[in-house]
Amino acid sequence: MDGKFIKFGKNLVTTDEFVAEGHSFCVGCGEALALRLACKALGKDVIIANATGCIEICTSPLPVTSWRVPWIHTLFENTGAEISGIEAGLKILMKKGKMPERDIKCVAVAGDGGTSDIGMQALSGAFERKHDFLYLCFDNEAYMNTGIQRSSATPYGASTTTAPAGKLSIGQTTWKKNMAEIAVAHDIPYVATACPSYPFDLINKVKKGGEVKGPAYVHIFSPCPTGWRYPTDLAIEIGRLAVETGIFPLYEVENGRYKLNIDRPKLRPVEEYLKPQGRFRHLLDGEIAKIQEHVNEEYAKLKAKVACFAA
Amino acid sequence: MSKRVGLEASFAAAEAARMADVDVIAAYPITPQTHIPERLAEMVADGELNAAYIPVESEHSALSACLGAAAVGARTFTATAGQGLELMHEVVYVASSMRYPIVMTICNRALSAPLSVWGDHSDAMAVRDAGWIQVFCQNNQDAFDMTLWAFRVGEDPRVLFPVMVHFDGFHLSHVTEPVILPEQKEVDRFLPRFQYPFALTPDKPMTHGAFGPPDIYSEAKIAQEVAFRKSKDVIIQGFKEFGDIFGRYYHPVEPYRTEGAKVLLLTMGSFSETAKIAIDTKKNKGESVGLINLRLWRPFPFEELCQAVKDAETLIVFDRCISFGGPGGPVSSEIRSALYNEKERPRVVSFIGGLGGRDMAVKDFEYVIDQGREIVEKGSEELFETVGIRGEVTGIRG
Amino acid sequence: MTEKRLKTGPDFIWRDMEVGNIVTEAGSAALRRTGDWRSQRPIIDKERCNKCGLCWLYCPDVAIKLLEDGYYETDLFYCKGCGICAKVCTREAITMIEEEEE
Ligand SMILES: Cc1ncc(C[n+]2csc(CCOP(=O)(O)OP(=O)(O)O)c2C)c(N)n1
Ligand code: SF4
Ligand code: SF4
Ligand SMILES: [Mg+2]
């Protein structure tokens, strides 16, 4: 840790690495990059609670660890509760004078499964109780760590091992659960979506989420070459396409006010995003049109929310 | 000056947590545990206790929040019962394996179905292999004393294991008895401040809960097991220190009027109090009987148990839990295997009763002793006997 | 003890486990080589490089290091050969070549 920075235009990015090299994420993993950038944004004064999943498994093989910040993993579905205990514990120890007063960010890290499925209850509880913490959901749109099983965040039409495409099925037959909106519904001060193809935007949002008093949620799109079946060098393109097609819009909701961070006058056709990925390869034109229609609708809804606060 | 007050066991446990100056409480209400979190929440609201009370949304989250709080070095307390402990099950193993000295009161409750809010020991037995220190209370004074003692022992740097303090739902949790409360300065003398050596802090980043590939998992588990068994020395030392300060001495295995007794009855929890009366009555009639109260359930006190029963001819073990399809109640099967290699050992007769809050009166314990004696003489077709069940129970065999 | 804690093997016995399996050496996984996963290797052409640093920014494996002179270098101990650096380089200064058997 030497505290140096590299300059990219007006953006400074620290050379400190909080997740050490030598981790075992797959070749070209977008989640690994997203994590690396998020941790740069957080700095060293954090405590991270990590749900079971790719991030946990790829960074903590006993007897060693990739982590250079205090880190804890206990279970798959309890991260919201665990970070509540960490936050409450630090606060009361400082209040009782058993620990010097200082700013330590409490950060929960989980996959889409650990967030929008099995961990939803614990997270909802932590939001509702208004603990001061930041929750980062790394969304690779399936249970990757256990072998690409579908989650409620898997998009319509994607083939996974438990919702495979077959003669009678297109794979996932439901639309992706909108976790960011569920976070917004808890009336928390900060919610944002991010993608590692937009590193400075991601870093800013994670920083903001860490600084906000009260619960904050950042939903991070995390391209997965293994589960999505695209070539290992394409993570950045795939992320950009997700944003530019409107499939994964980048926005923030601060105290209930919506703001689009990247708004293209004209969205690119979803086909450009779907094509390079093996998980969508079986989709016929009719299904692609259906996805296009859905994206148009959802994007319009989002723009309407943004418009409410534009004036 | 210590003072004598009327308290139900739930309030006694809450009072002990207050005097221990706990930092974090995370709990979810379930009958018959409700009075504990209610009382603690009230203490926090009134400023009698400087603690964070986290009103979590489930028991799974209650114990998970305790993990987080303990990991940063907070003294941490929770309480539950029956279904709540079942819902926690996954987290129960994590707490002991990661060596967080959380103290948890269990107001023992039967398990569904059918739904029952009343007491038995099924909940405690379902977590017996989870690596927590487990003690059972006979009365409300025990409930106070064991809670205080649990912090002292669990947090000892030679131990660092979580502790479950069990007392029977309703039979103790909701019954008021006189309890002697010590002075704060005595408590402070007994219970040093919690100094967790591995607290998560940015000053010395550590990794808690890394995963165990096959080439290391077994070593991790053996290290845990050896440390857990070793904790018995500190458990006993803790009982001794407690006695030296507060005047009440406890033991892993507590014999009552057993000198020269041919027949021994073994019970746990509040049953021991009633069973003592049955023993007194029988002794008065000249019968050669005595009682063993098993206080420490985990780590199991093999040595002490064998020593306490070696001169008896018959040992009747009374379980408040069924181990479906097993050799008898969990306590009796444990005791049979504890005694198996002993040269001098009594015959063990297994009884099951008092399930789901069914009262066991003095006469029931007398019946158990008489029946037990008869079975030793005449033999029995069944693997275990029952008490208080309407209708003849047969067909309990392998 | 410290050395032992970093690597399992015949020398590592159960007594070497820290209480609660806690890992006290931050970032100790950095001793793990992941370079042997590679089937392709990035070659950086200094002539074309304008020191923009995008390869460094986007590498998921922290396998690109900043040199004193402002240029970048791949760290083949860690580089898994994904090709992301080559893809994001706007000046085509990085090419991926097949990894040869050594
Ligand atoms: C209670 C429980 N159920 C199931 C599992 C198995 N499991 C571990 S990780 C995982 C999937 C993780 O998916 P996600 O949260 O999306 O993270 P990813 O691995 O995709 O990054 C599953 C199903 C578990 N560890 N615990
Ligand atoms: S499965 Fe996907 S998310 Fe998991 S490590 Fe591999 S590429 Fe990354
Ligand atoms: S090929 Fe991949 S792992 Fe290797 S330096 Fe380039 S981006 Fe990093
Ligand atoms: Mg996932």
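**A mixed sheet and what packs around it**

In this predicted model, nine strands line up in an open sheet, in the order β12(A)-β11(A)-β9(A)-β10(A)-β6(A)-β5(A)-β3(A)-β4(A)-β9(B), and their pairing is mixed. At the edges stand β12 (257-260) of chain A and β9 (207-208) of chain B; each has a single partner strand, so one side of each is left without a neighbour in the sheet.

Strands β9 (residues 190-194) and β11 (residues 251-254) of chain A run antiparallel and are joined by three bridges, with A:Ala192 partnered by A:Glu252 in β11(A). β9(A) also pairs with β10(A), but here the strands run parallel, with five bridges between them; A:Thr193 has A:His219 of β10(A) as its bridge partner. Next along, β10(A) and β6(A) are parallel too, over six bridges, and A:Phe138 sits opposite A:Ile220 of β10(A).

How buried is β10(A)? Six of its six residues are buried, so the strand is largely enclosed by the rest of the structure. In a regular strand, side chains alternate between the two faces of the sheet. In β10(A), A:Ala216, A:Val218 and A:Ile220 are buried on one side, while A:Tyr217, A:His219 and A:Phe221 are buried on the other, which leaves both faces covered.

Helix α1(A) packs on the sheet, touching β3 (46-50), β5 (105-111), β6 and β10 of chain A, and its direction makes about 160° with that of β6(A). A:Phe138 is in contact with residues including A:Glu31, A:Ala34, A:Leu35 and A:Ala38, as well as A:Val109, A:Ala110 and A:Ile220.

Nonpolar side chains tend to be buried together in soluble globular proteins. Here, the largest nonpolar core holds 88 residues, and those touching the most other members are A:Ile48, A:Trp67, A:Leu136, A:Phe138, A:Val206, A:Ile220 and A:Tyr273. Helix α1 (residues 30-42) of chain A supplies the largest share of this core, with nine residues. There is also a second, separate core of 76 residues, with A:Ala49, A:Met99, A:Leu302 and B:Ala130 among them.

Another helix, α5 (residues 120-128) of chain A, has A:Met120, A:Ala122, A:Leu123, A:Gly125, A:Ala126 and A:Phe127 buried. Their cover includes β6 (134-139) and β10 (216-221) of chain A, along with α3 (59-71) of chain B. Just after α5(A), A:Lys130 takes a positive phi of about 60°.

Over in chain C, the residues surrounding ligand 3 include C:Cys59, C:Cys79, C:Cys82 and C:Cys85. By class, this shell has seven nonpolar, two polar and two charged residues.

Definitions and conventions:
Residues are numbered from 1 along each chain as its sequence is written. Chains are lettered from A and ligands numbered from 1 in the order in which they are written. This is a predicted model: local features need pLDDT of at least 70, side-chain atom pairs count only at pLDDT 80 or more; totals for chains, interfaces and linings use all residues. Side-chain values use heavy atoms; hydrogens and water are left out. A nonpolar core is a set of buried Ala, Val, Leu, Ile, Met, Phe, Trp, Tyr and Cys residues joined through side-chain atoms within 4.5 Å. Buried means under 20% relative accessible area, exposed over 50%, partly exposed in between (1.4 Å probe, protein chains only). Helices (H or I, at least four residues) and strands (E, at least two) are DSSP runs, numbered from the N terminus. Contact means heavy atoms within 4.5 Å. A residue is near a molecule or strand if one of its heavy atoms lies within 4 Å of it. Ala, Val, Leu, Ile, Met, Phe, Trp, Tyr, Cys and Pro count as nonpolar, Asp, Glu, Lys and Arg as charged, and the others, Gly among them, as polar. Two strands pair if DSSP finds at least two bridges between them. Axes are lines fitted to C-alpha atoms, for helices over the stretch in contact, and angles run from 0 to 180 degrees between N-to-C directions. Lists of a residue's contacts leave out its neighbours within four places in sequence.
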